[in-house]
Amino acid sequence: MRKNLSEIKDFLLSDRRGQAFLIILTLAVSLLIRLLLFRYNGYFIDENSFKAWYNTAAEKGLYGFYDSTWSDYPPFNIYIFWLFGKISHAIGPGSLDFMIKLPQNLFDLATAYLIFRFLRPRYSFIFSLGAMLVYALNPAVIFDLAVWGQFDSIYTFFLVASLYALLRSRYELSGGLFSVAILTKPQSVVLLPVLAYVMLRNGGWKRAITSGIVFFVVLFVLIIPFHWDNPIKFLVDRYSGYNVYPYNSINAYNIWALLGFWKSDIVPHLGLTYQQWGILAFVLFTIFVMWQLHRKPGGRAPVYAVFLLMFGFFMLMTRMHERYLFPVFALLAMYFSPRIAPWLYAALIGTFFANLAYVLSVLNASQFIPDGHWSIYVLSPLNILLFAYAIWSFVRTQGQPETEKAEEAPHKIPPPPEKPEVIEEKLPPVVAAVSTPRSHALILTVLVLTFFGVSVWNLGDMRAPGSDWTPQTDPDEVYLDLGSTTRVDRVFLLVQNADRLDVDLYWGYPGNWTYQSNMTKSGVWREWGDMYLGRDTRYVRLLFKGLSGRIGEVALYNGGQRLNISSVVGQHGGAGYNALIDEQTLFTHPASNKSRTILDEIYFVRAAEEILDHQEQSELTHPPMSKLIIAASIGALGHNPFGWRFADLIFATAGILLVYLFAKRMFKSSRAGLIAAFLLAFEFMHFVQGRYSSGESFILFFVIAMFYCFYRYYENPDREGKWLFLSLVFFGFGFATKWVVMWGFVGLVFLLFLLKLRKPTISMNEVLWFIGGGIAAIAIYMLSWIPYFLVGHGLGDWWHHQIFMFNFHAGLTATHPSTSDWWSWPWMLRPFYYYYGKLDGSEGILSSFGNPALWWASVPLIVLTAWLMLRKFLPPLYRKLAQRFSKSKADSNQQDDGEGLLARIDMTAAFIVIPFLTQWLCFIFIGRVLFIYHFFPNVLFTILAAVLWAEWLWKKYSWGKWFVAAYIVINVACFAIFFPVISGYPMSSHYWDIFRWMRDWVT
């Protein structure tokens, strides 16, 4: 297996076909994400303008375009409008919404590929692919193009392409591409100083002249098809749009935003208008950048110079829109190298995305950002700091001596170096990776497939009724005809959606009905309700009172057999009532958990489906990440129980692989990884939550990933700063799922503090990775709220909603039969009861609690591990006590006198104990109703503690391996015995009584 994996790796990374596959896959994934986002609306005025321009260009052609409509877009854009407008007309009018967003995204993918091509001669395939990936999946870029639908990527592509050609000494091509960029957006002019400098310096004045000629030829050729008498006047008119908005900042969080948005920039101040001050500042900044470039013009310094000029253009000039920062991401990606910290890029993503998202929400609400708004004093200073750091980085780099002769002449392409261009300080040795033997890989594969197979079995119906019927009057009568008199025990109704449902059940025949029972439900989503009938009858009457409620299907059962309904008759006639019985074959027994939502699935599934329908979410007491993941699962697999639970199962399965890697890394043993994987695979709550759509399995996965990445950093903080960054990224995903992940983060902070007490030095690399990770976590959290913003909410609403969520959980006084105290969780005194159903005389029960073999051992294991953590400083304590009582220093150990106690703590044991305690004991201070699943993330540290002592027994004693094997067998046996209770599988009414080891177990 290792050989096959090695062959696959060699093919993908070394073979040209494999590399091409990875490139295409990256671009395809990026395109797919964008296509899925096309359904969300951008700014309605922009969209209407683009639609009108597409139609005008397609109908009037290039020649008559500017005569037929007003447009402030330069000529090359009209070629795009004309081409895709023609395609839209050929396909049909419904395609225009799609076409107005397609071209800019295709150009952006081409830009991503250019970034790869630019970096590949200097760096490895993996590094170059990574840079392309970072840009292609940039959330701010995707939001600007796929959601808002702006055209910034088109001029960015030509700007990047011109710079690419320039640094490969193809000056004439560079001049032609620069001409197209100017004809797309006037902001492209910032490239001109660098373009002219590099051409004159490396190509000489002759090549500069020929490039200039190509520039004007392309310019003239592209404007020939348009209607004009004077080409100069035509172009001046096309760029007059710059004067349409004479304001200091048009929703751009730059320096001028501190004065407020939409303030006139022609107001005099200290002898010049604000516009003139902005132009002067940018001219001086350009001179400064070119001077710095001249100090060391080789390598990729021109790329960074253009990046700075574009950044400075946004920050210093007036009349800036929020989107004018867009090109800096492609330029900074072109400048990537292994010695460049990623936090500047990540921070710019955060501020740019926040700028776009908030402005779009404000614009769609037909509002303006008021003076003194808090966002101005947050985002603008952040951009100013980032701008200052970018300048400082360039000055510092340009002041360093040349280290790479290969990049002294940009017009010569150096051969790919064997190693990245990094000059590193001497770092501690890399922690050796532990290999996975083939036998262990096979066992792990079988284990994961077994867990997945057992979990996916009876996960849920893969098809569900989709047609609905809604009462039209109050009341509304429906009766069902069975064709002949038949015994009917129970009547089931699939309630798709009901704020309140009130229905009476009758039996008999038309004109002579006998009342049987009533069913009232509220806050229901895709849930089967049932009423007992227990009569012999041909007709069943349902009287719906009230107008709320959406009914998907009605089913009649005798025992465990579904009865055939021959027809349905409604109070008002018509065929609409047939929706109640038209999909009888699409569900199994409705009393089963396979065919309905259970408990909190009502809220999470409903919110996920509302996200897919671009509606206001009904469940917003938790952040949206879990609902987004469930929505993706439903979008891929359909609106059915299998579809809305499958994502949890995938995360639960992936968690087994991740915990294997974690334990293998921590204990430097593949065997340890297997033990951990076994314990998690047969852990009850892990199995239950992986089959239940509420997001708890997402939380466990993100917690495992967060601490695994942090452990990689924890092992070697001088070298592994990127793992600290990734740890914070996964914290961002977890926090965006549920705030309870914060308690794990508290443990992580304690570990970081402990690590720095042990090794006080803090490198700049660590600081940058930490800051970048923090910014990434914040960005992830904000990105998860995109559906919230897209339905019309602004940042003010968002902030008030965060307060609402906090108050909701802090002040929750509701009671619940499954509530439990924090101290009772390891002993499982009261599990969480999800579901109970009667099935053909048997019982289906679904209850969430832990494997007793693991959970009952959790506290003793943690106590032993805590002793291991503290044992190194206990002997000195004993000696100090002995010295005090004996008044003698004869037994003192001088070697320990200068060492602090914390420096001798066992760090691996601390890594297990501290997060366990923070994730558990923090709930002491929580006054709201609590449940046993709040202890679920501590399963990770219980397993690690168990593996620690299992490894000790295995190595220390000859019988240790048998003890460990027996312990694993006990875990598996408990899983098999309790399987009906944790899977909802039907069992006899007496089965559970045999294993009711605790009074409150199950119910």
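Predicted model: local features only at pLDDT ≥ 70, side-chain atom pairs only at ≥ 80, totals over all residues.

Student: What angle do helix 23 and helix 35 make, and how far apart are their axes?

Tutor: Read the angle together with the axis distance. Helix 23 spans residues 670-681 and helix 35 spans residues 939-956. They pack at about 135°, with their axes 9 Å apart. That angle makes helix 23 oblique to helix 35.

Student: Which residues of helix 23 and helix 35 meet?

Tutor: Go through the contact one side at a time. Helix 23 brings Arg-671, Ala-672, Ile-675, Ala-676, Leu-679 and Leu-680. Helix 35 answers with Val-939, Ile-943, Ala-946, Val-947, Ala-950, Glu-951, Trp-954 and Lys-955. By class, this contact of helix 23 with helix 35 has eleven nonpolar, three charged and no polar residues.

Student: Now helix 12 and helix 15. Are they roughly parallel or roughly antiparallel?

Tutor: Start from the crossing angle. The axes of helix 12 (residues 192-223) and helix 15 (residues 301-316) cross at roughly 155° and come within 9 Å. Angles over 145 degrees count as roughly antiparallel, so helix 12 and helix 15 are roughly antiparallel to each other. Helix 12 passes helix 15 in a right-handed crossing.

Student: What makes the contact between helix 12 and helix 15?

Tutor: List the residues, then sort them by class. Helix 12 gives Pro-193, Val-194 and Val-198. Helix 15 gives Pro-302, Ala-305, Val-306 and Leu-309. The contact of helix 12 with helix 15 has seven nonpolar residues, with no polar and no charged ones.

Student: At what angle do helix 20 and helix 21 cross?

Tutor: The axes of helix 20 (residues 601-612) and helix 21 (residues 625-637) cross at roughly 70° and come within 8 Å. That makes helix 20 roughly perpendicular to helix 21. Helix 20 passes helix 21 in a right-handed crossing.

Student: Which residues of helix 20 and helix 21 make the contact?

Tutor: Helix 20 supplies Phe-604, Val-605, Ala-607, Ala-608, Glu-609, Ile-611 and Leu-612. Helix 21 supplies Ser-626, Lys-627, Leu-628, Ile-630, Ala-631, Ile-634 and Gly-635. By class, the contact of helix 20 with helix 21 has ten nonpolar, two polar and two charged residues.

Student: On to cavities. How many of 30 Å³ or more does the structure hold?

Tutor: Count, then volume, then lining. The structure holds five cavities of 30 Å³ or more.

Student: What lines the largest cavity?

Tutor: Its lining has 16 residues. The closest to the cavity centre are Ala-464, Pro-465, Leu-494, Ser-595 and Pro-641. Strand 5 (476-509), strand 6 (512-545) and helix 22 (641-667) are the elements that give two or more residues to the lining. By class, the lining of the largest cavity has eight nonpolar, four polar and four charged residues.

Student: Where is the cis peptide bond?

Tutor: For the peptide bond, check omega. A cis peptide bond joins Asp-474 and Pro-475, with omega of about 0°. Pro-475 lies in the loop between helix 19 (438-456) and strand 5.

Notes: Residues numbered from 1 in each chain as written. Heavy atoms only, no water. Axes fitted to C-alpha atoms, helices over the stretch in contact; angles between N-to-C directions. Helix = DSSP H or I, 4+ residues; strand = E, 2+ residues; numbered from the N terminus. Parallel < 35°, antiparallel > 145°, perpendicular 65-115°, else oblique. Contact = heavy atoms within 4.5 Å. Nonpolar A, V, L, I, M, F, W, Y, C, P; charged D, E, K, R; others polar. 1 Å grid on protein atoms, 1.4 Å probe; cavity = no way out; pocket = protein on both sides within 12 Å on 5 of 7 lines; lining within 4 Å. Points joined across faces, edges and corners; volume = space filled by probe spheres on them. Left-handed = near helix turned anticlockwise from the far one by under 90°.
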